[in-house]
Amino acid sequence: MTTTAATPTAPAADSRVLGLAHYAARGVLEHVLARHGVTFRHQIVLRAATTDVPQTPDDVVTQVRSSLKADPVDIRAILDELLARQLLVKDAAYLRPTDAGRELLAAVGAEVAPISARIWYGIPAEDLAAAGRVLALVTERANAELAALTT
């Protein structure tokens, strides 16, 4: 009788599997960010304020709240920290990244890029497309459920 080793099957996608993937990837990013003296939320807020279109503080709060589901008071506190650290400046009603803010984002991006490439290497394009469709649908449905819970 010939036996073969059982091939492990991938778990079905669910909230736990999604969470594990998110926190594993976020752990990598947070490790890099810590070397630069910023947190995940600092980076998200700084990135939201660093666009080609001028952003007001309210614009940034709305955008970050939508993506992170974070408390607007906490987001404003992070904006204040970024302003105090001179990673952002106020230019009339708008926020503008300083050279130091842009350099920070560029340095983190350069450091994370090869790690990210290793993480994503070899995953077939069709698998990535399918995962993207599923995750977009999960996001849409979860946002709808959250909206129903908070109205």
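Student: How is the accessibility of a residue read, and is Arg35 buried or exposed?

Tutor: Buried means under 20% relative accessible area, exposed means over 50%, and partly exposed lies in between, with a 1.4 Å probe and protein chains only. Arg35 has 52% relative accessibility and therefore counts as exposed. Please note that this is a predicted model, in which local features need pLDDT of at least 70 and side-chain atom pairs count only at pLDDT 80 or more, while totals for chains, interfaces and linings use all residues. Residues are numbered from 1 along each chain as its sequence is written, and side-chain values use heavy atoms, with hydrogens and water left out.

Student: With which residue does Arg35 form a salt bridge?

Tutor: A salt bridge is a side-chain nitrogen of Lys or Arg within 4 Å of a carboxyl oxygen of Asp or Glu. The partner of Arg35 is Glu111, and the closest N and O atoms of this pair are 2.1 Å apart. Arg35 lies in helix 1 and Glu111 in helix 5 (residues 99–120), so the pair ties together parts that are 76 residues apart in sequence. Helices are DSSP runs of H or I with at least four residues, strands are runs of E with at least two, and both are numbered from the N terminus. Glu111 is partly exposed, at a relative accessible area of 23%.

Student: How many salt bridges are counted by this rule?

Tutor: The count comes to 4 salt bridges. Another of them joins Glu30 to Arg26, with the closest N and O atoms 2.7 Å apart. Glu30 and Arg26 are 4 residues apart in helix 1 (residues 15–35), a separation of about one helical turn. Glu30 is partly exposed at 33%, and Arg26 is partly exposed at 22%. A further salt bridge links Arg96 with Asp91, where the closest N and O atoms are 3.6 Å apart. Arg96 counts as partly exposed, at 41% relative accessibility, and Asp91 is partly exposed with a relative accessible area of 41%.

Student: At what angle do the axes of helix 1 and helix 5 cross?

Tutor: Axes are lines fitted to C-alpha atoms, for helices over the stretch in contact, and the angles run from 0 to 180 degrees between N-to-C directions. The axes of helix 1 and helix 5 come within 10 Å and cross at roughly 160°. That makes helix 1 roughly antiparallel to helix 5. Angles under 35 degrees count as roughly parallel, over 145 as roughly antiparallel, 65 to 115 as roughly perpendicular and the rest as oblique.

Student: Which residues of helix 1 and helix 5 meet?

Tutor: Contact means heavy atoms within 4.5 Å. From helix 1, Val28, Leu29, Val32, Leu33 and Arg35 meet Val108, Glu111, Val112, Ile115 and Ile119 of helix 5. By class, this contact has 8 nonpolar, no polar and 2 charged residues. Here Ala, Val, Leu, Ile, Met, Phe, Trp, Tyr, Cys and Pro count as nonpolar, Asp, Glu, Lys and Arg as charged, and the others, Gly among them, as polar.

Student: How many residues of helix 2 are buried?

Tutor: Helix 2 is mostly covered, with 7 of its 10 residues buried. These are Phe40, His42, Gln43, Val45, Leu46, Ala48 and Ala49. The cover over them includes helix 1, helix 3, helix 4 (72–84), strand 1 (88–91), strand 2 (94–97) and helix 5.

Student: At what angle do the axes of helix 2 and helix 4 cross?

Tutor: These axes come within 10 Å and cross at roughly 80°. Helix 2 is thus roughly perpendicular to helix 4. Arg41, His42, Val45 and Leu46 of helix 2 make the contact with Asp74, Ile75, Ile78, Leu79, Glu81 and Leu82 of helix 4. By class, the contact has 6 nonpolar, 1 polar and 3 charged residues.

Student: Where does Thr56 lie, and is Thr56 buried or exposed?

Tutor: Thr56 lies in the loop between helix 2 (40–49) and helix 3. At 18% relative accessibility, Thr56 counts as buried. Leaving aside neighbours within four places in sequence, Thr56 is in contact with Ala93, Tyr94 and Leu95.
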